[in-house]
There are 2 protein chains.
Amino acid sequence: MIETYRPLPGTLVRSVETPCLLLDLNALEKNFNTIARTYEGTICKMRAHAKNHKSPIIAKKQIQAGGTVGGVCAAKVSEAEVMVNGGIDNVLITNQIVTQDKIGRLCKLAKKADIMVAADDPRNIKDISEAAVTHGASIGIIIEVDTSMGRGGIRDSSLGVELAELAASLPGITFRGIMSHQTLPGKPDPETREIEGRGYIQKCLETKTAIEAVGIPVDIVSSGETWTYDIASLIPGVTEVQGGTYALMSHAYDYMDAFSIAAKIMSTVISTPSETVAIGDVGSRALGGVLPEIQDYPGVYVETVSDHQVILRSEGKMPLKIGDTFLLISGQQDIMVNRWDYFVTLRDGIVEGILDIEARGCVN
Amino acid sequence: MIETYRPLPGTLVRSVETPCLLLDLNALEKNFNTIARTYEGTICKMRAHAKNHKSPIIAKKQIQAGGTVGGVCAAKVSEAEVMVNGGIDNVLITNQIVTQDKIGRLCKLAKKADIMVAADDPRNIKDISEAAVTHGASIGIIIEVDTSMGRGGIRDSSLGVELAELAASLPGITFRGIMSHQTLPGKPDPETREIEGRGYIQKCLETKTAIEAVGIPVDIVSSGETWTYDIASLIPGVTEVQGGTYALMSHAYDYMDAFSIAAKIMSTVISTPSETVAIGDVGSRALGGVLPEIQDYPGVYVETVSDHQVILRSEGKMPLKIGDTFLLISGQQDIMVNRWDYFVTLRDGIVEGILDIEARGCVN
């Protein structure tokens with residue numbers, strides 16, 4: 001067995017061996033409190049997406065802070081298993097689950113917790129129903145509506161009605177509602193966010209209206225995400241928001257002042273081959289997604305990320321020397337977090353402990 | 001504890017639950033035998049880069065096949081620890097190691113195996129020497145020469161001479177030689193490979209000549225990589241080639257007929273939202289690097305990879321339907337492999353077993 005490096009509680013952040021993934025608990029709690037405050041007294045609540053942090057312990061903190069539906073989203077069956085195992089009793093899987101083995105695992109899980117799954121195909125709904133009957137389980141069906149992503153999800157309301165009727169008629173499953181997910185590139189101003197966000201969510205609500213028109217109640221409308229957290233909750237009919245990014249935040253969303261960056265990567269300079277270049281000890285093995293940004297060094301930027309190194313370039317003379325540490329902020333935290341086994345948690349710059357990323361590598 | 005899905009030996013490949021990472025043992029052995037044949041009777045041998053497959057078991061197979069120096073390269077101290085722990089007794093770490101903690105781990109490791117590390121800075125060489133003396137260890141120093149990458153490594157021979165003199169004069173360390181690494185984008189024809197490869201390696205050899213001119217022997221010249229495996233070995237003075245990719249191969253290198261793709265990702269279609277689109281159940285959580293390519297479906301290509309899904313687009317009507325499986329080939333296997341906990345090993349399309357990716361997540 002290899003000894004794994006894990007800093008002890010009480011260690012000063014600057015003494016933590018790099019590369020490491022730091023989690024600032026003050027920032028995390030600020031983000032959770034923003035949601036609790038925003039959703040105080042509203043019908044619509046947050047259903048945090050666990051794929052962002054991949055930790056049932058953080059998910060429970062998120063729920064305890066308030067403003068949530070009391071459950072989470074998960075991207076994969078294995079991720080849902082980790083969440084249920086960690087004490088979360090209500091999970092919406094936001095993808096289609098189509099193979100025998102994984103539908104079986106879904107059924108097994110549904111005997112321990114309230115499990116819902118996204119669907120967009122009649123054969124798949126029939127398969128889930130049959131398996132649920134065999135296992136004596138009950139699974140909630142959420143019809144996915146594609147509003148902008150070009151991925152899974154129905155494209156027109158009539159198919160939504162057909163699937164809702166099917167889900168409502170078959171044994172072992174219950175029709176629970178609809179969901180959509182959408183993204184907006186760049187750093188939009190509040191007005192753009194509002195116009196675009198309302199437009200996408202409205203498209204999702206059209207399917208709700210069509211389903212209710214044939215007499216089937218739609219209990220859940222799960223739409224909206226971090227960038228519409230304050231818009232979705234104002235739209236009548238939306239019952240929950242699937243916010244992932246807001247927990248750890250990322251530089252791609254840092255136009256949203258209500259949240260702070262909670263997870264950062266700390267790296268050490270290992271080489272300064274020229275006056276304007278510094279090489280850090282962390283690469284794409286531990287990063288991922290869009291290029292990260294460096295904090296606290298104006299004029300220094302991330303030029304590229306290779307397998308095991310980050311290459312920093314400065315406009316003037318490089319202020320960093322060999323042995324110096326610096327912080328990187330990911331543009332896509334959920335992809336980045338998946339590269340790590342644990343967070344080093346910090347309170348006021350001092351290590352509080354180690355938090356295992358229990359759903360890391362849950363690809364199945 | 002979560003039950004993890006692991007297929008049993010004897011399972012047919014088409015029945016393995018997806019997404020999964022398949023390792024074709026016939027292809028792997030073909031690749032290793034190509035190297036054994038190429039380096040039969042040459043002075044220059046292969047030092048396989050373990051970052052490609054991250055498995056000491058595969059590294060041992062690689063060495064046993066022949067044509068190697070009997071050791072491996074590793075990218076990180078933690079990766080080297082996994083290799084030594086798995087029975088490899090000779091490791092060259094191809095990066096600079098500059099922090100106290102990691103230099104200490106290097107010394108500890110050097111008491112169990114022959115450990116060499118790349119260096120490009122006098123202060124760093126002094127630090128390694130001091131730590132080695134304290135620990136009673138001996139560490140080999142390899143001066144890194146930058147020939148084309150713009151990353152770590154010295155840029156001119158005179159600094160190489162200065163560092164070699166320093167390494168040769170200090171206690172606890174031994175000057176062993178020099179190394180370089182270079183890449184060539186695209187799919188070059190053999191002539192371009194030969195011209196470019198020779199040019200880069202020659203630049204590295206200039207430093208060897210300069211160091212030898214001051215009377216210091218240069219035992220190791222570790223240069224070349226998969227795309228120059230058959231060129232580097234013909235250049236007098238090169239003692240070893242750092243080939244990583246050739247083990248698993250990738251679509252980015254598939255112009256090299258002597259090797260076959262040994263690692264592939266199998267995925268299942270979970271949604272077919274339009275006539276020309278199919279969504280697969282694997283995304284960037286388990287892929288990474290350049291876009292993968294799909295096998296066996298001409299006219300179908302990978303349009304994009306989202307967090308948890310791959311979006312396939314077909315020129316005509318999509319031949320894949322929900323529940324169908326398909327194979328993806330990574331363009332950058334080492335980044336991709338790092339997303340997985342194990343390979344499912346195959347012999348003639350039948351599962352032989354599970355091979356843990358022991359150095360997965362070795363970021364430290």
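**Figure 1. Overall dimensions of chain A in the predicted model.** With 364 residues, chain A would have a radius of gyration near 21 Å as a compact globule, and its value of 22 Å agrees with this; the radius is taken over C-alpha atoms, and the globule rule is 2.2 Å times the number of residues to the power 0.38. The model is predicted, so that local features need pLDDT of at least 70 and side-chain atom pairs count only at pLDDT 80 or more, while totals for chains, interfaces and linings use all residues. Residues are numbered from 1 along each chain as its sequence is written, chains are lettered from A and ligands numbered from 1 in the order in which they are written, and side-chain values use heavy atoms, with hydrogens and water left out. Along its principal axes, the C-alpha trace of chain A spans about 70 × 50 × 35 Å. Chain A contains nine helices and 17 strands, where helices (H or I, at least four residues) and strands (E, at least two) are DSSP runs numbered from the N terminus. Of the 364 residues of chain A, 61% count as buried, that is, under 20% relative accessible area, with exposed meaning over 50% and partly exposed in between (1.4 Å probe, protein chains only). Among the contacts in chain A with a separation of 6 or more, 69% come from residues 24 or more positions apart, a contact being heavy atoms within 4.5 Å.

**Figure 2. The interface between chain A and chain B.** In this interface 61 residues of chain A are in contact with 61 residues of chain B, and the two chains bury about 4,900 Å² between them, 46% of it on carbon and sulfur atoms; buried area is the accessible area (1.4 Å probe) that two parts lose on being put together, summed over both. Between chain A and chain B there are 10 salt bridges, each a side-chain nitrogen of Lys or Arg within 4 Å of a carboxyl oxygen of Asp or Glu. One of them joins B:Lys102 to A:Glu17, with the closest N and O atoms 2.9 Å apart. On the side of chain A that touches chain B, helix 3 (77-85), helix 4 (100-110), strand 10 (263-274) and helix 9 (333-337) each give two or more residues, and strand 10 gives the most, with five residues.

Figure 3. B:Val363 is buried, with a relative accessible area of 8%. Apart from neighbours within four places in sequence, B:Val363 is in contact with residues of both chains, including A:Pro19, A:Asp281, A:Arg285, A:Trp340, B:Lys76 and B:Ser78.

**Figure 4. A:His53 and A:Ser55 in the loop between strand 2 and helix 2 of chain A**. A:His53 is buried, with a relative accessible area of 0%, and A:Ser55 is likewise buried at 0%. The side chain of A:His53 makes a polar contact with the side chain of A:Gln62 at 2.8 Å; such a contact is a pair of N or O atoms within 3.5 Å, where within protein one must be able to donate a hydrogen and the other to accept it, and residues adjacent in sequence count only if both atoms are side-chain atoms. For A:Ser55, a polar atom of the side chain lies 3.1 Å from the backbone nitrogen of A:Ile58. Leaving aside neighbours within four places in sequence, the contacts of A:His53 include A:Ala247, A:Leu248, A:Val337 and A:Phe343, whereas those of A:Ser55 are A:Ala50, A:Met83, A:Leu355 and A:Asp356.

**Figure 5. Salt bridges within the chains.** A:Glu29 forms a salt bridge with A:Arg347, the closest N and O atoms being 2.9 Å apart. Because A:Glu29 lies in helix 1 (residues 25-38) and A:Arg347 in strand 16 (residues 342-347) of chain A, the pair ties together parts that are 318 residues apart in sequence. A:Glu29 is partly exposed, with a relative accessible area of 27%, and A:Arg347 also counts as partly exposed, at 25%. In chain B, the salt bridge of B:Asp334 with B:Lys51 has its closest N and O atoms 3.7 Å apart, and it links helix 9 (residues 333-337) to the loop between strand 2 (45-49) and helix 2 (56-65), 283 residues away. Both B:Asp334 and B:Lys51 are buried.
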